[in-house]
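Got a few minutes and the structure open in a viewer? Here are some exercises to work through, each with its solution spelled out.

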Amino acid sequence: MKQERILEVSQLTVEFTTDNGVVQAVRDLSFHIDKGETLAVVGESGSGKSVTSLAIMRLIPSPPGRIVSGQVWFRGKDGQPKDLIGLTEA
Ligand SMILES: Nc1ncnc2c1ncn2[C@@H]1O[C@H](COP(=O)(O)OP(=O)(O)O)[C@@H](O)[C@H]1O
Ligand SMILES: [Mg+2]
């Protein structure tokens with residue numbers, strides 16, 4: 001069966017500026033989801049699950065947050081993968 005890539009997260013890093021300095025909440029995270037797949041993300045509290053999800057949806061509050069690197073390729077209804085983060089855009 002041919003796999004169809006729906007979501008590809010590549011080298012995602014998200015930082016927050018705090019009173020105690022810069023915190024890397026997500027560091028160099030990569031994963032992908034193909035059509036029909038379900039991905040469960042498991043980790044202890046504070047490990048970055050919510051920040052990962054928010055970054056994919058471009059909902060990181062900025063400031064204090066910032067997506068410093070990474071790409072999020074999403075294949076929508078038109079079938080063309082698009083980079084939701086768009087850090088590569090001019
Ligand atoms: N607005 C914010 N300001 C500073 N740090 C934050 C903020 N939001 C999340 N963090 C930090 O990012 C890290 C990951 O948090 P989070 O993604 O909520 O973890 P999880 O969902 O896995 O429990 C934690 O260290 C958390 O304190
Ligand atoms: Mg959470």
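Before starting, one term: two residues are in contact when heavy atoms of theirs lie within 4.5 Å. Also keep in mind that this is a predicted model.

**Exercise 1. Get the overall layout: work out which elements the protein has, and what share of its contacts between residues at least 6 apart join residues at least 24 apart.**

Solution. 
- Start with the elements: the protein has four strands and one helix.
- Finish with the surface: the protein exposes about 6,500 Å², with 52% of it supplied by carbon and sulfur atoms. Of the 90 residues, 27% are buried.

**Exercise 2. Find the largest nonpolar core and say which element gives the most to it.**

Solution. 
- A general point to begin with: nonpolar side chains in soluble globular proteins tend to be buried together.
- Here, the largest nonpolar core holds 15 residues, and Leu-7, Val-9, Leu-12, Val-14, Ile-60 and Ile-67 have the most contacts inside it.
- Next, trace where the core comes from: E1, strand E2 (21–34), H1 and strand E3 (65–75) each give two or more residues.
- E1 gives the most, namely five residues.
- Zoom in on Val-9 to see some of the packing. Beyond its neighbours within four places in sequence, Val-9 contacts Leu-29, Ser-30, Phe-31, Ile-56, Gln-71 and Val-72.

**Exercise 3. Is Glu-15 buried or exposed, and what does its side chain make a polar contact with?**

Solution. 
- Locate the residue: Glu-15 sits in strand E1.
- Check the cut-off. Buried means under 20% relative accessible area, and Glu-15 has 16%, so it counts as buried.
- List the neighbours: leaving out residues up to four places away in sequence, Glu-15 touches Val-22, Val-23, Gln-24, Pro-64, Gly-65, Arg-66 and Val-68.
- Pick out the polar partner: the Glu-15 side chain makes a polar contact with the side chain of Gln-24, at 3.4 Å.

**Exercise 4. Now do the accessibility check for Pro-81, and list its contacts.**

Solution. 
- Pro-81 belongs to strand E4 (residues 81–83).
- Its relative accessibility is 40%, so Pro-81 is classed as partly exposed.
- Apart from neighbours within four places in sequence, Pro-81 contacts Trp-73, Phe-74 and Arg-75.
- For a distance check, take Ser-69: it is 12 residues from Pro-81 along the chain, and their C-alpha atoms are 18 Å apart.

**Exercise 5. Describe the shell around ligand 1: which residues form it, and which element supplies the largest share?**

Solution. 
- Collect the shell: Phe-16, Thr-18, Ala-25, Glu-44, Ser-45, Gly-46, Ser-47, Gly-48, Lys-49, Ser-50, Val-51 and Pro-64.
- Sort it by class, and you get six polar, four nonpolar and two charged residues.
- Assign elements: strand E1 (5–18) and helix H1 (49–56) each provide at least two of the residues. H1 has the largest share, at three residues.
- Look at the backbone: polar backbone atoms lie 2.8 Å from a ligand oxygen in the case of Lys-49, 2.9 Å for Ser-50 and 2.8 Å for Val-51.
- Last, the cover: ligand 1 on its own exposes 560 Å², and the protein buries 64% of that.

How values were computed: Residues are numbered from 1 along each chain as its sequence is written. Chains are lettered from A and ligands numbered from 1 in the order in which they are written. This is a predicted model: local features need pLDDT of at least 70, side-chain atom pairs count only at pLDDT 80 or more; totals for chains, interfaces and linings use all residues. Side-chain values use heavy atoms; hydrogens and water are left out. A residue is near a molecule or strand if one of its heavy atoms lies within 4 Å of it. A polar contact is a pair of N or O atoms within 3.5 Å; within protein, one must be able to donate a hydrogen and the other to accept it, and residues adjacent in sequence count only if both atoms are side-chain atoms. Accessible areas come from the Shrake-Rupley method with a 1.4 Å probe; for residues, only the protein chains shown count as cover. Ala, Val, Leu, Ile, Met, Phe, Trp, Tyr, Cys and Pro count as nonpolar, Asp, Glu, Lys and Arg as charged, and the others, Gly among them, as polar. Buried means under 20% relative accessible area, exposed over 50%, partly exposed in between (1.4 Å probe, protein chains only). A nonpolar core is a set of buried Ala, Val, Leu, Ile, Met, Phe, Trp, Tyr and Cys residues joined through side-chain atoms within 4.5 Å.
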